[in-house]
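Welcome, and please open your viewer.

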Amino acid sequence: RCRGPTAGDKMNPFAEQEAWEDQQIGKATLKFGSKNKKEMTDDYQFVFEDQIEFIKASVMDVDKFGDKMSIESPKKSKAKSELAKLQENRKALPIYPYRDDLLKAIEKNQVVVIVGDTGSGKTTQIPQYLHEAGYTKRGKVGCTQPRRVAAMSVAARVAQEMGVKLGSEVGYSIRFEDCTSGKTVLKYMTDGALLRELLAEPNLASYSVIMVDEAHERTMSTDILFGLVKDIARFRKDIKLLISSATLDAEKFSDFFDSAPIFRIPGRLYPVEIQYTKSPQADYLDAAIVTVLQIHVTQPPGDILVFLTGQEEIETTEEILKHRVRRFGTKIAELIICPIFANLPTELQAKIFKPTPVGARKIVLATNIAEASVTIDGIKYVIDSGFCKMKSYNPRTGMESLQVTPISKPSAKQRAGRSGRTGPGKCFRLYTEFNYISFDDNTTPEILLTNLASVVLSLKSLGVHDLLNFDFMDPPTVEALRKAVELLFALNALNKVGELTRVGRQMAELPLDPMLSKMIVASDKYKCSDEVISIVSMLSVGNSIFYRPKDKQVHADNARRNFHTGNVGDLIALMKVYNAWRETNYSTQWCYENYIQARSMKRARDIRDQLEGLLERVEIELTCSANDLEAIKKCITAGFFPHSARLQKNGSYRTMKCQQIAYIHPSSGLAQEPPRWVVYHELVLTTKEYMRNVTELKPEWLVEIAPHYYQMKDFKDAASMKMSKGQRNGAGNLTVINLVPEAIREIALEL
Ligand code: CDP
Ligand code: MG
């Protein structure tokens, strides 16, 4: 069975990763169909020790191609301005011949479902058509994207096509960044950003059209938007709704929106040859690297797009590829490696869209962001790992984890299709055909896979109380909703009858996970909001703060250890990093010297600025505890007490709430000397259950901070330090109270 490394393999023990890399060096490429090593030149022979055999399986069924291509034959006038050229490109897009019919359909119907292959021009053109047709005189045209990279890059493209500055007539809005102005009429935004706007403007009065784009992705926010905009459309007859999708299963959208008409834009895909591996691959990263090099040395020009699962994996692959390419020297053509993932800094995104210089080959290492959200021209080869990173949520235990899981069949087709946009393409699937047959037929909506606490908090603050009867396209289970209500109740965001409390209203204002929001709200009491927002900003950047170059690992580890002095825990260490950087007046040189990624720090600073602005809105004073670590740890506990865990005799931890076995992640500063009690930020399920970003706590804090959640038998004894050794080890005297009586949970849901 084709098993890839799980998410954690690659982010965890560095030594392991290094050994793995060494193993790869000098290892092999593969053979495609009939090609074998004898056909290669001697120069490359030394790398061919191992082979992956691919079998040509099929040519993907494609839409008829060609008949629409001759609509415009651009005259080649050298004097043509950049803008005129862009206008010509617009007219060459598959959607252009349908411009007028589409506008008519929108005129006639309040809701239209639009289906068209990726690259046909839905995202960049439809809002412009609407603008040209006068819709923006009545209000903005808002277009939602599931991912921030897509929202930004598409807005930039449209601004360019319209010849305006980004942020003026065309702008974008994503979490922690608003690039719009009073002039903005075309607004691209993440689906989450529109949800937040709904809090301030429940009827979307400033919009004339809302286009929910990439609907097929079925992100949690998109699913919630479906229910909300459907409701708005009922009482705002003047608003138009467009639901656009890149996959063909549009009937479901149409059914949900009361049989809205479906407008199909015929695709323009070239044939794509599908190849499967002959046998299952033990390690898809290895297989991907080998395949890239093999394509590079044996196949005609054309860029390569590789689908991997996440940022860390992509960065590892980039590093290994660079390393191996260096060994070839000038024997092979130039290889331009471009990573793309959701957290990629803006300045690095441009590289992906730049045309490849003649003689070179571009290789794009992407997450499933490149499946549909982002269109990259010039791709001729696709390498599909067959995996993506998916949230999975167990409503029974209330545990959420990020897991590398096989993709669905529609996903695999969509990935393959990326290679056939500019000419016939090839897709190398790093799994067998038999494996493909076992893939799911449908993409599971995120709402069924995730912790719903933030959804419930948003809905409650939008005035939606009857969660059970909310118009979900695919309703989550009652159990999942109940768990969410229970968590929000535990965090004091909801009262016993399920209404938002003051704390809940404050939390809803913050664009963060409820537990992080709670941490900030609690910082008011402990007078350390300055430190806490630094921690939250650093956590929001993701796991890309510390930098560990292969040749300077010892130095990097020493530098990192400095921030962990006194076993302060990972969150406080992040705060120390931020504070130290701030003291140097945000010096890039300092980052360099301390093996810290400067661009991640800059992003943390931007996020922090935003959060500082939001503090005022939620009436929290900016206060600094001047390094009162206990106060800060208590804040952390106030947000994360449901994530407490206790050390066992065998060195593992047991979570208090679900009695789940877990381990401290090897990247943690506390991994060497595990404390008795910890709270963790997240639980990552890889080869083991790993707790990431852990902080030590005292069990009595749990009782002090969350007396409605924890109780300690003989707590008085414990407090007066008369505990026996067994008790101090936490031997069973702390228990989780079964919070919300069943009846109240039902009421909370049905209120
Ligand atoms: O939304 P859809 O996938 O249907 O297409 P689109 O995103 O509107 O892209 C249409 C075309 O615009 C693509 O084929 C690209 O050539 C171009 N484009 C671009 O050059 N840069 C972007 N950031 C987005 C689109
Ligand atoms: Mg699009």
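Start by selecting helix α17 (residues 453-461) and helix α19 (residues 502-509). Their axes come within 10 Å and cross at roughly 105°, so the two helices are roughly perpendicular to each other. Here angles under 35 degrees count as roughly parallel, over 145 as roughly antiparallel, 65 to 115 as roughly perpendicular and the rest as oblique. The axes are lines fitted to C-alpha atoms, for helices over the stretch in contact, with angles from 0 to 180 degrees between N-to-C directions. Now show the side chains of L457, S458 and S461 on α17, and of G504, R505, M507 and A508 on α19, which make the contact (C-beta atoms, placed from the backbone, within 7 Å). By class, this contact has three nonpolar, three polar and one charged residues.

A word on what you are viewing: this is a predicted model, where local features need pLDDT of at least 70 and side-chain atom pairs count only at pLDDT 80 or more, while totals for chains, interfaces and linings use all residues. Residues are numbered from 1 along each chain as its sequence is written, and chains are lettered from A and ligands numbered from 1 in the order in which they are written. Helices (H or I, at least four residues) and strands (E, at least two) are DSSP runs, numbered from the N terminus.

Next, select ligand 1. Which residues are closest to ligand 1? Among the 16 that surround ligand 1, they are G119, K122, T123, T124 and R157; a residue is near if its C-beta atom, placed from the backbone, lies within 6 Å. Helices α6 (122-132) and α7 (148-162) each supply at least two residues of this shell, and α6 gives the most, with four. The shell has three nonpolar, ten polar and three charged residues. Ala, Val, Leu, Ile, Met, Phe, Trp, Tyr, Cys and Pro count as nonpolar, Asp, Glu, Lys and Arg as charged, and the others, Gly among them, as polar.

Now go to strand β19 (residues 644-647), joined to β22 by three bridges and antiparallel to it. Strands pair if DSSP finds at least two bridges between them. Look for R646 opposite W677 in β22. Three bridges also join β19 to antiparallel β20 (residues 653-655), where Y653 stands opposite L647. In their hairpin, with five residues between the strands, G651 takes a positive phi near 95°.

Finish at A671, in the loop between β21 (661-664) and β22 (677-685). A671 has 16 C-beta neighbours inside 10 Å and therefore counts as partly exposed (20 or more would be buried, 12 or fewer exposed).

Notes:
Two residues are in contact if their C-beta atoms, placed from the backbone, lie within 7 Å.
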